[in-house]
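User: I am new to this protein. Please take one part and look at it closely with me.

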Amino acid sequence: MIVSMSMDDELLARFDDALKTKGYSTRSEAMRDLVRTFISDCDWEGEEGDSIAVITLLYGKEVKKPELMRIQHRYREISTMLHTHIDPINCLEVYVIKASSDRIKELLKEFRGLQGVKVVKFVKSACEV
Ligand code: NI
């Protein structure tokens with residue numbers, strides 16, 4: 001099946017550069033890989049007990065700081081936070097959270113829904129031993 005999508009020129013140019021760097025020969029090949037990763041990230045179900053995740057958040061000046069702060073305070077399971085100013089308009093934050101997988105997914109969803117957030121990445125660790 002052929003799927004078409006819209007994207008601004010700048011993002012497409014950066015995507016093309018990135019896929020060449022990673023060794024993909026076509027956009028379709030890179031997109032299929034991205035979709036598989038996206039699905040496997042959503043498939044994070046049925047894990048018992050707490051997990052540990054490291055979340056990185058990249059955001060620009062458009063982010064609403066009070067809203068970000070409200071999210072941070074709602075998730076008391078966040079044990080560590082680190083803030084770095086990348087350049088005059090972008091900030092990077094790193095969070096370590098120990099919580100149930102459902103709770104971590106909830107937090108990721110809130111971060112992704114926040115205006116001004118450009119990239120949300122996470123690494124999940126094994127369940128508690
Ligand atoms: Ni900053």
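Which residues does Leu19 touch, not counting residues up to four places away in sequence?

Analyst: First, the ground rules. This is a predicted model, where local features need pLDDT of at least 70, side-chain atom pairs count only at pLDDT 80 or more, and totals for chains, interfaces and linings use all residues. Residues are numbered from 1 along each chain as its sequence is written, and side-chain values use heavy atoms, with hydrogens and water left out.

Leu19 touches Tyr24, Thr26, Arg27 and Ala30, leaving aside residues up to four places away in sequence. Contact here means heavy atoms within 4.5 Å.

Now its setting. Leu19 sits in helix H1, which covers residues 9-21. Helices are DSSP runs (H or I, at least four residues), numbered from the N terminus. Leu19 has a relative accessible area of 7%, so it is buried. Buried means under 20% relative accessible area, exposed over 50%, and partly exposed in between, with a 1.4 Å probe and protein chains only.

Next, the wider view. The protein is split into domain 1 (9-43) and domain 2 (50-126). These bounds come from an automatic or database domain assignment. The domain centres, taken over C-alpha atoms, are 23 Å apart. Between the C-alpha atoms of Leu19 and Lys105 there are 28 Å; the two residues are 86 residues apart along the chain.

Last, for contrast, two other residues. His83 has 34% relative accessibility, so it counts as partly exposed. His85 has 61%, so it counts as exposed.

How values were computed. Helices (H or I, at least four residues) and strands (E, at least two) are DSSP runs, numbered from the N terminus.
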